[in-house]
Amino acid sequence: MWVIKKIIHFFLFSFLIVSCANIVMPSGGKKDTSPPVLSNVTTENNTVNFTKKNIVFEFNENVVPNNWSENFSISPLTKEPVNFKIKNKTLALDLDNKLEKNTTYGINLDNCIKDLNEGNILENLRFSFSTGSYLDSLSIKGIVIDAFTLEPKANTHVFLQDFSNADSLSFIKKPKYVTKTNSNGEFLMTNLNNNDFRIFCIDGIDYAYHEGDLIGFYKSKVNASDSNKIELLIYNPIKKLAEKKDTVDIKEIINKTKIVINCNVEEQLIIQLYNNKKLVKEASVSSAPYIIENIVPENYTLKVIVDKNKNRV
């Protein structure tokens, strides 16, 4: 009996301890707000005599693409689009049979990837290499401004064409060098040679003009050896401006327009106005001043008849 009481007391005591305990979920720690960090690349930045088939970037954490098709660019444009593959912490770019000889390429990976867990975007990542023995290092910078709002134009394609190309082919022919404006409407085009170019911008889905796209161009040739910042005004080339209406109401003009005939004839007069031999206005006035009013501004022939019979005929 004594043993049974002890067991009961033990269970009651255990129940009290458990019921008094608070269940608290373990803390997840501080939220990760840092973007992925590049830890290794299979090809060193600014490499010359590049002959590899791909470039692999390795980061410090697992990554996923972020609006890849909108953000990624390689300049000059390659023969075929550059394919990519992301697996865990690595990003691989397939460049096999896509590159020209003796050409400097710039790869823009700004905003192209983010970490898997929190979605923190890597904002600044650019890479350069050359298939020749020399790395072109000149650049062109500038800003795109909306011609109607005068505000900077973000996310806009900016591209170069050889200066020898006709303007009419600029939005048809594949461009030479390409980039996009940032959130402040600013652009930077790197790894250029010192040739002369024409520079254009377009806000469409690609570098070809489609109806409704805004476009812009610089009136003079550009050369990367010139350090001046370029300002491009972008506009709708087929936008019809609203017709400006006269600030003076035509009815007000008609009400105030009149012809006054000053003469000493003390007779009733019939005054007639003709436009292209057609009678458009007539008035019968019995005494001076002889006035015909409410006339539309035009060129008229004036005819005055003395109405001796006073019958308006």
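User: How much space lies in the second largest pocket?

Analyst: This is a predicted model. The second largest pocket is lined by 17 residues. The space in this pocket is about 380 Å³.

User: Which residues lie nearest the centre of the second largest pocket?

Analyst: The lining of this pocket has 17 residues. By class, two are nonpolar, nine polar and six charged. Those nearest the centre are D110, N111, K180, T181 and N182.

User: Which element gives the most to the lining of the second largest pocket?

Analyst: α2, β12 and β13 (186-192) each supply at least two residues of this lining. One of them gives three residues, the most. That element is β13.

User: What is the volume of the largest pocket?

Analyst: The largest pocket has 26 lining residues. Among those nearest its centre are S69, F72 and H157. The volume of the largest pocket is about 580 Å³.

User: Which element gives the most to the lining of the largest pocket?

Analyst: Look at the elements that each supply at least two residues: α2 (68-71), β4 (73-75) and β12 (177-180). The top contribution is three residues. It comes from α2.

User: How many residues in the lining of the largest pocket are nonpolar?

Analyst: The lining holds 26 residues. Six of them are polar and seven are charged. The nonpolar ones number 13.

User: Which element gives the most to the largest nonpolar core?

Analyst: The largest nonpolar core has 23 residues, and I55, F57, F72, I107, L109 and F129 are those with the most contacts inside it. The elements giving two or more residues to this core are β2 (54-59), β6 (90-94), β7 (104-108) and β9 (126-130). With three residues, the most comes from β2.

User: Which residues is F72 in contact with, leaving aside its neighbours within four places in sequence?

Analyst: F72 lies among the residues nearest the centre of the largest pocket. F72 is also one of the residues with the most contacts inside the largest nonpolar core. Leaving aside those sequence neighbours, its contacts are V82, L93, I107, N108, L109 and C112.

Note on methods:
Residues numbered from 1 in each chain as written. Predicted model: local features only at pLDDT ≥ 70, side-chain atom pairs only at ≥ 80, totals over all residues. Heavy atoms only, no water. 1 Å grid on protein atoms, 1.4 Å probe; cavity = no way out; pocket = protein on both sides within 12 Å on 5 of 7 lines; lining within 4 Å. Points joined across faces, edges and corners; volume = space filled by probe spheres on them. Helix = DSSP H or I, 4+ residues; strand = E, 2+ residues; numbered from the N terminus. Nonpolar A, V, L, I, M, F, W, Y, C, P; charged D, E, K, R; others polar. Core = buried A, V, L, I, M, F, W, Y, C linked by side-chain atoms within 4.5 Å. Buried < 20%, exposed > 50% of the residue type's maximum accessible area, 1.4 Å probe, protein only. Contact = heavy atoms within 4.5 Å.
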